[in-house]
Amino acid sequence: MNNTRFLKGAVLIMAALVCILCGVIAGMVIAGKNQPASAPESGSQTAVQKEKEKSENSESSSESGQDPEKEPETELPSAAGGEYYGALQVKGASLCDSKGNPVQLRGVSTHGLAWFPQYVNAKLVKELHEKWNANVLRLAMYTAENGGYCTDGNKKDLKKLIDDGVTYASDENMYVIIDWHILSDNNPNINKKEAKKFFREISEKYADRDNVIYEICNEPNGDTAWKDIKSYAEEIISVIRKNDKHAVILVGTPNWSQYVNEAAADPVQGQENIMYTLHFYAATHKEELRNTLKAAYDAGLPVFVSEYGVCEANGNGMVDVESANEWMKLLDSCNISHVAWNLANKEEASSMFLPSCTKTDGFTKKDLSDGGKWIYAMLTGDKKAMEEEPSGVPEGIVQIKTSDKNLKAALTVSGSWESDGKKVYQYRLSISNKSGEAADGWEVEIQFENGIELSDNWNGKFKADGKKLIVKPVDYNKKINGNAAVSDIGFTVSMK
């Protein structure tokens, strides 16, 4: 009787142990399904893992209503991040770090702070640094236009935007240019009194920051001579130096900051860490201005390209990838710093974001204009993308054809609004001649998604027919020289 009880007890104990063991194994299996496997070394993912991920991603996309074959719209990937060199100095024709090693700053500029303040935010500055590889941000504060610092602008709000921009850039170890953006006030001496007061205040405020650069006159123009700019610069530099002894100061040059040759012949004397600005727009300024820049550099002038665009000088027109790439070759060969114009969704070719994009951070490639895509590719080192010609076809248009294979037409939206329940678009048209020989006459056919009504046009002969618009030249823009372009052709249509 006792032996029987013993055997029964032993069997029960063994059965219990088996159940416990099975439970443990089952738990491990379940846990294994819910826990990620150890990450393989880079490049060592197996085909099975890849296929599993593909299947899981497909299932996830199906559940969320997304098309698994359609590429998802994702934010721009992380990049290396623009490099920070500490306190800067100027040695000869070069911008250098504190040890005297030549460095190059590469970044972007805001549009007018009063008009597009939303792009001065911490998330976007971080994104520009980490995903665009920018290491400098330019804060463009207009002085004379509507909302300008010296006209009807709110000085307190504008200085707050500058302070925010300096803080955000400093947090990301980026350099920051405070730009006294003269334009319609073509001579910097017009608002010299205000400039002195402004630079006295901010140079005192930021004297202890190694990353702040002062740009004291954006684009002198009209009949403003170099001697006018130089005398202004000498006074403003003295004001800054009373507070900030070593910061880099950028001085504009005549003719919208293009005549650096005049500064090279008669630079500011007795001051250190002074550089001179050159601005270019790739579709307008080509070999002649590049030669001017190279000659000034070879003469020992420290040049900083504090503003450039890949379109025409009016901020619109075609995006000239070929010319933009030639400019970058020159700037890189001379280690010249450059800042791209501009962070905005304005309806013009120079803006980096599409007019339809209302984001202020978290951008995807689909949010970028043709110019914005090129600037992003250039900053992140995507050489292949830099060579790609933009489509030149804005939203709402199916196709653009030219009468000659050597001619390329590009359209940009310069304005849009609603009238009588219809969407109205204003377009600008440019035609470039890619051959070395002149084209005597041209014709452009534009095919729209919907029927159109033509309400206004200029600098061309236009005929609308249903969804199609034919554009022909007038006498003064009929001929397009080799490797040249005609622009400032425009029209307004409403969509039926």
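Which residues of H5 are buried? I would like to start there this morning, keeping in mind throughout that what we are looking at is a predicted model. The buried residues of helix H5 are Ala195, Phe198, Phe199, Ile202 and Ser203, and when one looks down the axis of H5 these buried residues fall within an arc of 115°, so they line one face of the helix. On the face turned away from that buried side, H5 carries the exposed residues Lys193, Lys197 and Glu204.

As for the helix itself, H5 covers residues 192-205, and its 14 residues, at 1.5 Å a residue, should span 20 Å, which agrees with the 20 Å between its end C-alpha atoms. What covers the buried residues of H5 includes strand E4, helix H4, strand E5, strand E6 (212-215) and helix H6 (226-241).

A search of the whole structure finds 19 aromatic pairs, and one of them is made by Tyr149 and Trp180, whose rings are edge-to-face, with 5.6 Å from centre to centre and 65° between the planes. This pair links distant parts of the chain, for Tyr149 belongs to the loop between strand E4 (136-142) and helix H4 (155-171), whereas Trp180 belongs to strand E5 (residues 175-181), 31 residues apart.

Are Tyr149 and Trp180 buried or exposed? Tyr149 has a relative accessibility of 4%, and therefore counts as buried, the cut-off being under 20%; Trp180, at 0%, counts as buried as well.

Let me close with a second aromatic pair, that of Phe353 and Phe363. Their ring centres are 3.9 Å apart and their planes lie at 5°, so this pair is stacked, because planes under 30 degrees apart count as stacked. Phe353 and Phe363, ten residues apart, are both placed in the loop between strand E10 (338-343) and helix H11 (370-380), and the pair is again one that links distant parts of the chain. Phe353 is buried, with a relative accessible area of 1%, and Phe363 likewise counts as buried, at 0% relative accessibility.

Key:
Residues are numbered from 1 along each chain as its sequence is written. This is a predicted model: local features need pLDDT of at least 70, side-chain atom pairs count only at pLDDT 80 or more; totals for chains, interfaces and linings use all residues. Side-chain values use heavy atoms; hydrogens and water are left out. Rings of Phe, Tyr and Trp (its six-membered ring) pair if their centres lie within 6.5 Å; planes under 30 degrees apart count as stacked, over 60 as edge-to-face and the rest as tilted. Helices (H or I, at least four residues) and strands (E, at least two) are DSSP runs, numbered from the N terminus. Buried means under 20% relative accessible area, exposed over 50%, partly exposed in between (1.4 Å probe, protein chains only). The expected span of a helix is 1.5 Å times one less than its number of residues. The arc is that of the directions from the helix axis to the C-beta atoms. Contact means heavy atoms within 4.5 Å.
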